[in-house]
Amino acid sequence: MHALTPEQYQRLRRLAEAWTASHLRESKALPQFNPRLAADALCFQCYRLPEHGEQLVGALVTPVSLWLVMLPAEPEASMPTAGERCRLSLPSGRYPMEAVTLGEGVGCWRLVLLDDLIDVASRQDASRLAQRMMERVMVRRDEPRDGAPGGV
């Protein structure tokens with residue numbers, strides 16, 4: 001794994017902006033809408049996957065949900081058609097992903113992990129939640145974490 005480039009950070013910012021442009025208005029009407037949160041792409045890493053090549057894998061926090069997200073590391077790589085499905089293999093297991101389009105030329109693979117963030121008190125708390133989620137999916141399930149016994 002290596003550090004993300006400025007261009008990759010810009011793509012992640014556009015991903016969060018695209019979610020806001022396409023979903024914020026209708027999300028405000030949902031009972032789980034959290035006005036303390038904003039769409040933010042967090043904890044992304046470059047990760048080489050045997051079946052998908054070089055990908056950016058991380059979390060998208062929104063005012064209503066937390067997604068595990070995958071998108072090609074290179075902007076010229078083609079995105080799948082919305083609704084297409086694949087499996088993302090990470091150290092902790094295989095995750096069913098669905099392709100979504102968030103706007104003109106902006107899309108990703110996603111798995112909604114939490115669909116209600118109303119109890120998250122701040123953007124900082126949401127960031128910590130995303131970080132814990134990424135720590136869990138990037139560690140094999142049989143490896144100990146923070147001194148915990150294996151299999152947690």
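Which helix does Ser-27 lie in? I looked and found Ser-27 in helix 1, residues 6–27. Helices (H or I, at least four residues) and strands (E, at least two) are DSSP runs, numbered from the N terminus.

**Ground rules.** I am working with a predicted model, where local features need pLDDT of at least 70, side-chain atom pairs count only at pLDDT 80 or more, and totals for chains, interfaces and linings use all residues. Residues are numbered from 1 along each chain as its sequence is written, and side-chain values use heavy atoms, with hydrogens and water left out.

**Entry on Ser-27.** Is Ser-27 buried or exposed? I read a relative accessible area of 4%, so Ser-27 is buried. Buried means under 20% relative accessible area, exposed over 50%, partly exposed in between (1.4 Å probe, protein chains only). I then listed its contacts (heavy atoms within 4.5 Å). Leaving aside neighbours within four places in sequence, Ser-27 touches Trp-19, Phe-33 and Val-64.

**Entry on helix 1.** I checked the length. At 1.5 Å a residue, the 22 residues of helix 1 should span 32 Å, and the end C-alpha atoms are 30 Å apart, which agrees. The expected span is 1.5 Å times one less than the number of residues. Helix 1 bends by about 40° at Ala-21. That bend is the angle between axes fitted to the seven residues ending there and the seven starting there. The buried residues of helix 1 include Leu-12, Leu-15 and Trp-19. Their cover includes strand 1 (40–49), strand 2 (53–61) and strand 3 (66–72). Strand 5 (93–103) and strand 6 (106–114) are also part of that cover.

I traced an open sheet of six strands in the order 1-2-3-6-5-4, with antiparallel pairing. Two strands pair if DSSP finds at least two bridges between them. Which strands stand at the edges? They are strand 1 and strand 4 (85–90), each with a single partner strand, so one side of each is left without a neighbour in the sheet.

Strand 4 and strand 5 pair in the antiparallel sense over six bridges. Leu-90 has Gly-93 of strand 5 as its bridge partner. For Leu-88, the partner in strand 5 is Tyr-95. A hairpin through two residues joins strand 4 to strand 5. I moved on to strand 6. Strand 5 and strand 6 run antiparallel, joined by five bridges. Val-100 stands opposite Cys-108 in strand 6. These two strands also form a hairpin, with two residues between them. In that turn, I noted a positive phi of about 75° at Gly-105.
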